[in-house]
Amino acid sequence: MIEINENTRLTDILDEYPWIKDELPKIDKKFKLLKTPIGKVMMRKVDVSEMSRRSGMSVDEIISMLNNLIKNH
């Protein structure tokens, strides 16, 4: 299990938990972008803090959401 913090890259999270890519859009429609060609390119550069900026959720909310998804999967 990786430690998720504001600097954790989305690609690192998805390498460890690939199913999260399918779960994120169910939580917030803004994450549907992950399944587009542009989203696939952007994923390489995005960390949790950038996910926060793009979604409008706080960093703590993103971290909590990801940890809950992992715990309950």
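Let me start with Leu 66. Setting aside neighbours within four places in sequence, Leu 66 is in contact with Ile 4, Ile 13, Ile 20, Leu 24 and Val 48, where contact means heavy atoms within 4.5 Å.

A word on the source. This is a predicted model, in which local features need pLDDT of at least 70 and side-chain atom pairs count only at pLDDT 80 or more, while totals for chains, interfaces and linings use all residues. Residues are numbered from 1 along each chain as its sequence is written, and side-chain values use heavy atoms, with hydrogens and water left out.

Now the core. The largest nonpolar core has 20 residues, and the members that touch the most others are Ile 20, Leu 24, Phe 31, Ile 62, Met 65 and Leu 66. Helices H1 (10-16), H2 (20-27), H4 and H5 (59-72) each supply at least two residues of this core. H5 gives the most, with six residues. By nonpolar core I mean a set of buried Ala, Val, Leu, Ile, Met, Phe, Trp, Tyr and Cys residues joined through side-chain atoms within 4.5 Å. Buried is under 20% relative accessible area, exposed is over 50%, and partly exposed is in between, with a 1.4 Å probe and protein chains only. Helices are DSSP runs of H or I, at least four residues, numbered from the N terminus.

Next, H4. Six of its eight residues are buried, so by that cut-off H4 is mostly covered. The buried ones are Val 48, Ser 49, Glu 50, Met 51, Ser 52 and Ser 55, and they pack against H1, H2 and H5. Just after H4, Gly 56 takes a positive phi of about 85 degrees.

In the loop between H3 and H4 we have Asp 47. Is Asp 47 buried or exposed? At 17% relative accessibility, Asp 47 counts as buried. Not counting residues up to four places away in sequence, Asp 47 touches Glu 6, Asn 7, Thr 8, Arg 9 and Leu 10. Asp 47 and Glu 6 are 41 residues apart in sequence and 6.8 Å apart in space, C-alpha to C-alpha.

Two lysines next. Lys 21 is in helix H2 and is partly exposed, at 22% relative accessible area. Leaving aside neighbours within four places in sequence, Lys 21 is in contact with Leu 14, Leu 34, Lys 35, Lys 40 and Met 43. Lys 29 sits in the loop between H2 and H3 and is exposed, with a relative accessible area of 65%. Lys 29 and Met 1 are 28 residues apart in sequence and 26 Å apart in space, C-alpha to C-alpha.

On to the largest pocket, which has a volume of about 190 Å³. Among its lining residues are Leu 10, Phe 31, Met 51 and Arg 54. Helix H3 (37-43) and helix H4 (48-55) each supply at least two residues of the lining. A pocket here is an open set of points on a 1 Å grid over the protein atoms alone, where a 1.4 Å probe fits, with protein on both sides within 12 Å along at least five of seven lines; lining residues have an atom within 4 Å of a point. The volume is the space filled by probe spheres set on the points, which are joined across faces, edges and corners.

Last, the aromatics. A search of the whole structure finds one aromatic pair. Tyr 17 and Trp 19 form this pair, edge-to-face, at 6.2 Å centre to centre and 70 degrees between the planes. Rings of Phe, Tyr and Trp (its six-membered ring) pair if their centres lie within 6.5 Å; planes under 30 degrees apart count as stacked, over 60 as edge-to-face and the rest as tilted. Tyr 17 is buried, with a relative accessible area of 10%.
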